[in-house]
Amino acid sequence: MKRFHVHLHVQDLNTSIAFYNKLFDALPSRVEGDYAKWMLEDPRINFAISTRGNKEGIDHLGFQADDVEELAGLMERAKNADLSSVVDEGNTTCCYARSEKHWVTDPQGIAWEQFHTLGSIPLFNDSVEVKNEAKASEAKANVPIEAVATSKACCG
């Protein structure tokens, strides 16, 4: 079963965490210095906030697939919607997770992320700029960080 995904950029992370904790009557499943995520079951949503954006508000929407078969179905639907705007990132890192993902943009310019999470990582994303930090965190967290191409389409 797919999970709806919303990612917002916020100005003040702590104030926003306090607000959403009360609104959802739940604590985040992950909190970092620039990011928080709630994995809610009712409604089934992956709701994330971060301070990494240029402007506060909705950054992107999406669907989180439970398995690769669901993700393949989402890719087919995205291609049917607009083949020219589908960006397949494949295996990538973003939002403190390793994922298989692709993106499609709607006619208004809103980005839709469709992804299957493969595991957790200790960094927001694994780009060239953060490789040195990753090496130190990798040993501590015992999480292998694979080299992947830096993406313009990450969540921030």
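How many of the residues of strand 4 are buried? Seven of its seven, so to speak, is the count in this predicted model, and strand 4 is mostly covered.

View 1. Strand 4 covers residues 44-50. Arg44, Asn46, Ala48 and Ser50 point one way from the strand, while Ile45, Phe47 and Ile49 point the other way. Whichever way they point, all of these residues are buried. As a rule, side chains in a regular strand alternate between the two faces of the sheet.

**View 2. Strand 4 and its partners, strand 1 and strand 3.** Strand 1 (3-9) is one of the elements shown here. Strand 1 and strand 4 run parallel and are joined by six bridges; look for Leu8, whose bridge partner in strand 4 is Ile49. Strand 3 (35-41) pairs with strand 4 in the antiparallel sense, over seven bridges. Here Lys37 has Ala48 as its bridge partner in strand 4. Strand 3 and strand 4 also make a hairpin, with two residues between them.

**View 3. The largest nonpolar core.** This core has 13 residues. Those with the most contacts inside the core are Val6, Leu8, Ile17, Tyr20, Trp38, Phe47 and Ile49. Strand 1, helix 1 (13-24), strand 3 and strand 4 each give two or more residues to this core. In soluble globular proteins, nonpolar side chains tend to be buried together.

**View 4. Zooming in on Ile49 and a second core.** Leaving aside residues up to four places away in sequence, what does Ile49 touch? Its contacts are His7, Leu8, Val10, Leu13, Ser16, Ile17, Tyr20, Asp34, Tyr35, Ala36 and Trp38. There is also a second, separate core of six residues, including Tyr35, Ala48, Cys94 and Cys95.

**View 5. The largest cavity and its lining.** The structure holds two cavities of 30 Å³ or more, and the largest has about 120 Å³ of space in it. Its lining has 14 residues, and the closest to the centre are Tyr35, Cys94, Cys95, Ala97 and Phe115. Strand 3, strand 7 (97-105) and strand 8 (111-120) each supply at least two residues of the lining. Which kinds of residues make up that lining? Six are nonpolar, five are polar and three are charged.

Conventions. Residues are numbered from 1 along each chain as its sequence is written. This is a predicted model: local features need pLDDT of at least 70, side-chain atom pairs count only at pLDDT 80 or more; totals for chains, interfaces and linings use all residues. Side-chain values use heavy atoms; hydrogens and water are left out. On a 1 Å grid over the protein atoms alone, a cavity is a set of points where a 1.4 Å probe fits but cannot get out, and a pocket is an open set with protein on both sides within 12 Å along at least five of seven lines; lining residues have an atom within 4 Å of a point. Grid points are joined across faces, edges and corners, and a volume is the space filled by probe spheres set on the points. Helices (H or I, at least four residues) and strands (E, at least two) are DSSP runs, numbered from the N terminus. Ala, Val, Leu, Ile, Met, Phe, Trp, Tyr, Cys and Pro count as nonpolar, Asp, Glu, Lys and Arg as charged, and the others, Gly among them, as polar. A nonpolar core is a set of buried Ala, Val, Leu, Ile, Met, Phe, Trp, Tyr and Cys residues joined through side-chain atoms within 4.5 Å. Buried means under 20% relative accessible area, exposed over 50%, partly exposed in between (1.4 Å probe, protein chains only). Contact means heavy atoms within 4.5 Å. Two strands pair if DSSP finds at least two bridges between them.
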